[in-house]
Amino acid sequence: VTMSPVSPMSPMSLTAATSSDEEDDSDSSTKPIRSEKKKNPASLFQTGGDPPKEKKSKKKVPPKGAESEEETSETLQKNSNKKGKAKKSKKKEERPPSPVIEVDNLEEFVLQPAPQGVTVKCRVTRDKRGMDRGLYPTYYLHLDNDKKVFLLAGRKRKKSKTSNYLISIDPTDLSRGGENFIGKLRSNLMGTRFTVFDNGANPDRANADWSNVRQELSAVVYETNVLGFKGPRKMTVIIPGMNADCERVPIRPRNDNDGLLMRWQNRNMDNVIELHNKAPVWNDETQSYVLNFHGRVTHASVKNFQIVHSSDPDYIVMQFGRVADDAFTMDYNYPLCAVQAFAIALSSFDGKLACE
C-alpha cells in the first residue's frame, strides 16, 4: 500500500513507490477499488424510482481476487515495501475476469457513467508548450492502458471574465462552436465554485420542451481553511442523482437560481448527491498529510484527492493525484462519467487554487 503525501507543507518523497507496482497497477483491465460485500454502492447515488434490481448488482460484483487484494491493502502499514510486492502476486488471480474498456463511440462513452464494479483508470497530462501555454495549458485525458486511448482535451478560454474551460473530444479542436465541444467548466469570480455543463444550449435558446437545454453535470466547491489554501483542501462535489435504471437524472436549470450550486446551498437535495474529498491523515513520521492511493499516486501535491460519499467512505468515487511534473492519474467509478471526473480534476488546477 502506497501512502502518498498530499500536503504542500512537506513534499516528502514516498516511502515505497516501486516502478513495477506502478506499471502493474495501470493495466487496461480495470478493477474495482474495493469489494462490494458491504452494500451495493449504486444505492448511495439513487434518488428517484425503485431501488436497483438485485440481478443487476449481482452480475457486476467484482471478481474474488479483487476482494482479497482489497483486504490486504486496507491494513495501512507504514512499511509499504512488502505490501507492494505481495500485491503483485495477487494481481494474477484477479486479472482475467476484469472487463476491458471499449470506447467505440467516444462522445457516448465520455458522458456515460462508469460501469458498476469497474474502476476506469485514466491519465491526465498537462501541456505547457507553445506561445501562451504557460498561462493556458492544454490538458489531455487518456485511458491508462497499453493503447493509451484518447478521451478528452480541456483548455481555459482566454477572453473570459471567470475561469472557463472548454472540454472537447478532439485533441486538436478546442473551439466553442465546433462539433467536438462536449462540455465546459465555469468558475465563479472568486474561483472557489465551479459548475460543469454538457454541450446543450443556453436556457435563453431553449426550444419549447427545454430538451435542448444544457445539463449541469456537477459542481465543485472549495473551502478555504484558516490558512487560506495552505494545508489540505476541502472539496464538496455535487452531482445529479441516478434513477432506478442507473442513469443520470437530467438537471437542466432554467436560470442561475436553479442550478446544482443553488440547490445545494438551499439544501434542496431532491435528485442531488453531495460528495466530499476524503480527509487526509497527518503522519508524524513523514510530517505530511497522507492518503492511501493504492499505488496510483507517487508525488506529494496539494492537488491529490479522493472523492467519497459520507455514507461509505471506503467506496472511492474518484481519485486524482500527481505522478510526474505534468502527469496525473485520474480514476473514477460509478456513477461518474469521464466528463464529470475530468472537469472536477481541471477545477483543481485553476489559478486561484493552484499552489503546487
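Reader: What makes you say that buried residues make up 55% of the 356 residues in the chain?

Author: Buried means under 20% relative accessible area, with exposed over 50% and partly exposed in between (1.4 Å probe, protein chains only). By that cut-off, 55% of the 356 residues count as buried. Bear in mind that this is a predicted model, where local features need pLDDT of at least 70, side-chain atom pairs count only at pLDDT 80 or more, and totals for chains, interfaces and linings use all residues. Residues are numbered from 1 along each chain as its sequence is written, and side-chain values use heavy atoms, leaving out hydrogens and water.

Reader: Why is Gln319 called buried?

Author: Its relative accessible area is 2%, and the limit is under 20%, so Gln319 qualifies as buried.

Reader: How do you know that the side chain of Gln319 reaches the backbone oxygen of Phe293?

Author: The distance is 3.4 Å. A polar contact is a pair of N or O atoms within 3.5 Å; within protein, one must be able to donate a hydrogen and the other to accept it, and residues adjacent in sequence count only if both atoms are side-chain atoms.

Reader: What makes a set of residues a nonpolar core?

Author: They're buried Ala, Val, Leu, Ile, Met, Phe, Trp, Tyr and Cys residues joined through side-chain atoms within 4.5 Å. The largest one here has 58 residues, and Val110, Leu152, Met318, Met330 and Tyr332 touch the most other members. Another core, of eight residues, lies apart from it and includes Ala219 and Leu260.

Reader: Which residues is Val110 in contact with, leaving aside neighbours within four places in sequence?

Author: Contact means heavy atoms within 4.5 Å, and Val110 has Leu151, Leu152 and Ile169 among its partners.
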